[in-house]
Amino acid sequence: MSNHTDSLAKKDIAYNLHPYTNLAAHEDRGPLIITRGEGIYVWDSDGNRYIEGLAGLWCVSLGSSEPRLVEAATRQLQNLPFSHTFAHRSTEPVIALAEKLIGMAPEPMAKVYFVNSGSEAVDTAMKLVWYYNNAFERPHKKKIIARKRGYHGVTIAAASLTGLPYLHNDFDLPIERVYHTDTPCYYRYAEPNESEEQFTNRLAESLEQLILSEGPDTIAAFIAEPVMGAGGVMTPPNGYFEKVQVILKRHDILMIADEVICGFGRTGNMWGSQTYGITPDMVTCAKQLSSAYLPIGAVMVSAPIYQAFVEQSRKLGVFGTGNTYGGHPVAAAVALETLKIYEERDILGHVRDVAPRFQARLKALSEHPLVGDARGVGLIGGIEIVANKSTKQSFPPETKAAAAVETNALKHGLIVRPLPSDSVGICPPLVITEAEIDDLFDRLSRALDDAMGILKAA
Ligand SMILES: Cc1ncc(COP(=O)(O)O)c(C=O)c1O
């Protein structure tokens, strides 16, 4: 470690409170300090190069050196660094971005509301669902159903909807009105000898049971990621969303598609909703909306929902919500340029071209003795590390098997992310080439071999 890195690390340990980090371990281990990025690569403060196998946090779709995004930000900063959209005000980039997003939505949407992150988008969606039902004088139709192991963010509402205990423990979450139904992961949750279709039917029945036992007139919305990302990269079983949506329609329950990871090409279509036949009433998005160059998120709402808001604000005098930086003009200008680049360079076509290679290399990992399951779609994938492939038994939690893969991947110049239940997430920038995909999986295979030596010896 260089003196420069050592000095930075000491200051980081001294002053920086790290999210999603074991704070006690951080005091010993310190940070990995990333200083530079180019294409799919990043470099640390000691000059080591890594493939950014998670595109930052599932977000740097265009890689780390896109000059057009820097230029778009610079132009906007020089022209108008800030103005807002409260109280009838607007700005050019926000108007253009709103028009663009509405034009590309997975289902006809009427309006888009801008925020700064995925969590804020989800949080806002929850508020909007409540507002909508108040407009129809349905004060009891307020509960929201999410899924166990779903991930929706960290604000109080978004963390409540997230179905992962470590977001709730000792934070006094989840809040009331939030329910979690089954995780649609066939590999991990199917019963012995249960077919995929039977599994899907069982989950659909269980969802309907929950709705009936709570009372359909108390359930306002269902929120789902098309592919569950941070909970362990889980693709839904065949027919899952089709069956779920029949139930939602039957009980007049809104469908919220949380497209924060899947949106903008990740699954091989512009939206995960298109990949899985989801017809949402609301869509939340962020991350790849700006290729993560600046923070921006959005909630899109359908025409009937918007109409309810209009009536409410006529009655109440104001649509009483807004974030200072929601629709920040610089972030909006960068997002607009990102969407232009997606179109001009046919990023979706590129994802479709290279995804078969990505998926083939991913699926091939299921031959590895540590890998119980390898699942994914488009350019997102996950592997589940198990101690015993035939019984699907996991390693004891204290072994931290997925973290062992991550640590060894770093030694081979690859960043991946350990996820709950010993899954490892792989989600590279969308601009990755076939040769780079091969390089990524070669490194991951070597990391798995190294991790196996350590885990089997433990
Ligand atoms: C599906 C989904 N929703 C919401 C969020 C929260 O987004 P943010 O971290 O920008 O608040 C995430 C973050 O990973 C996510 O994956």
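This report covers the ligand site and the domain contact of a predicted model.

Residues are numbered from 1 along each chain as its sequence is written, and side-chain values use heavy atoms, with hydrogens and water left out. Because the model is predicted, local features need pLDDT of at least 70 and side-chain atom pairs count only at pLDDT 80 or more, while totals for chains, interfaces and linings use all residues.

**Ligand site**

The shell around the ligand consists of S117, G118, S119, Y151, H152, G153, E225, D258, V260, I261 and K287, a residue being near if one of its heavy atoms lies within 4 Å. By class, this shell holds 3 nonpolar, 5 polar and 3 charged residues; Asp, Glu, Lys and Arg count as charged, and Gly is among the polar ones. A polar contact is a pair of N or O atoms within 3.5 Å.

**Domain contact**

The chain is assigned domain 1 (32-65 + 346-457) and domain 2 (69-344), with bounds from an automatic or database domain assignment. Their C-alpha centres lie 26 Å apart. Domain 1 supplies 38 residues to the contact and domain 2 supplies 35 residues, where contact means heavy atoms within 4.5 Å.

Between them the two domains bury about 2,800 Å², 59% of it on carbon and sulfur atoms; buried area is the accessible area (1.4 Å probe) lost on putting two parts together, summed over both.

Across domain 1 and domain 2 there are 19 residue pairs in polar contact, both residues at pLDDT 80 or more; within protein, one atom must be able to donate a hydrogen and the other to accept it, and residues adjacent in sequence count only if both atoms are side-chain atoms. The salt bridge count between the domains is 1, the term requiring a side-chain nitrogen of Lys or Arg within 4 Å of a carboxyl oxygen of Asp or Glu. The side chains of E384 and R188 form a salt bridge at 2.7 Å, N to O.
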